[in-house]
Amino acid sequence: MNRTHIIQKILDKKSARNYLEIGVNDARNFFRTRVRKKVAVDPKFRIPGKQKIKWLLKNFSNLTARYHETTSDDYFSNREPSDVFDVVFIDGLHTHEQSLKDVTNALDSMNDSGVVVLHDCNPPHEGAAVPAQDFNRVAAAASPDWTGEWCGDVWKTICTLRSQRHDLRVFVLDCDYGIGVVTRGEPDGRLHLDADDISRMTYQDLAGNRQELLGLKNENYLYEFLESL
Ligand SMILES: C[S@@+](CC[C@H](N)C(=O)[O-])C[C@H]1O[C@@H](n2cnc3c(N)ncnc32)[C@H](O)[C@@H]1O
């Protein structure tokens, strides 16, 4: 199971009309997502021309999509009031600070039943969990056996939400580098960590306790979640 499949299942179950993706890159996920209105945000799109034409023709929402070549912060501060979303997929800058801001802003840009999906919540090894401001810096500092996978410390955003937001249900599906799901509602399990605890935590802390820190669920939990929507 991967992010594209999970996002589409949520969109379909909610009969969603409005979708926002933060961090789009070559749009391999964005173009495949079928929904009436789509908005893409990335400070630097990397969409090859031929690929774009192929996908534009594949479904109507690709033709009507809107593209904002800017950061998520800039997009959210200047968001048009009519941009209210049913599902927001966050896959931009992979830092704790930015992904937490993106989740908070996403929640403010959706109705009460909106769903936030957050990529890269479960780095598979220490090399993929390096906190840095961009991919190039991670690559420059990487060891020779680094595989190019980068999740950063987005996992700390899950810890923060599970500790501080008693109004949110937050869990992570154990597939595709960890797919976080955030909705308004009763938390299923809470952490008792403050901001300093979370900032001090290392990859070893995560590796020793993924289940509890992330609220990690088998990927098939998606179907139980969909039933609850
Ligand atoms: C991992 S890629 C996104 C992949 C895409 N969502 C997918 O599923 O295939 C991360 C993207 O985030 C973008 N990005 C970096 N900083 C950002 C920011 N502050 N706001 C929005 N996007 C950002 C990068 O330019 C990059 O294209």
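Predicted model: local features only at pLDDT ≥ 70, side-chain atom pairs only at ≥ 80, totals over all residues.
**First stop: A27**

With A27 still selected, inspect its backbone. Phi of A27 is near 65 degrees, which is a positive value in a residue other than glycine. Most residues other than glycine have a negative phi. A27 has a relative accessible area of 0%, and it is therefore buried.

**Second stop: S15**

Select S15 next. This residue, too, is not a glycine and has a positive phi, of about 45 degrees. S15 belongs to the loop between α1, residues 3-13, and β1, residues 18-22. Is S15 buried or exposed? Its relative accessibility is 59%, so S15 counts as exposed, the cut-off for that class being over 50%.

Now display the ligand. The space that the ligand takes is the largest pocket. There are 18 residues around the ligand, and those that come nearest are R3, E21, G23, D42 and D91.

In the side chain of E21, an N or O atom is 2.9 Å from a nitrogen atom of the ligand. At D42, an N or O atom of the side chain is 2.6 Å from an oxygen atom of the ligand. How much of the ligand does the protein bury? Taken alone, the ligand exposes 600 Å², and the protein buries 83% of that area.

Select residues 96-108, which form helix α5. Why does the distance between its ends agree with the expected span? The helix has 13 residues and, at 1.5 Å a residue, should span 18 Å; the C-alpha atoms at its ends are 19 Å apart, which agrees. Then colour the buried residues of α5, which are H96, Q98, S99, D102, V103, A106 and L107.

**Last stop: Q133**

Finally, select Q133, which lies in the loop between β5, residues 110-118, and α6, residues 135-141. Q133 counts as partly exposed because its relative accessibility is 42%. Q133 and L93 are 40 residues apart in sequence, and their C-alpha atoms are 7.3 Å apart in space.

Technical notes:
Residues numbered from 1 in each chain as written. Heavy atoms only, no water. Helix = DSSP H or I, 4+ residues; strand = E, 2+ residues; numbered from the N terminus. Expected span 1.5 Å × (residues − 1). Buried < 20%, exposed > 50% of the residue type's maximum accessible area, 1.4 Å probe, protein only. Near = heavy atom within 4 Å. Polar contact = N/O pair within 3.5 Å; in protein donor to acceptor, adjacent residues only side chain to side chain. Areas by Shrake-Rupley, 256 points an atom, 1.4 Å probe, with all protein chains shown as cover. 1 Å grid on protein atoms, 1.4 Å probe; cavity = no way out; pocket = protein on both sides within 12 Å on 5 of 7 lines; lining within 4 Å. Sits in = over half its atoms within 2 Å of the grid points.
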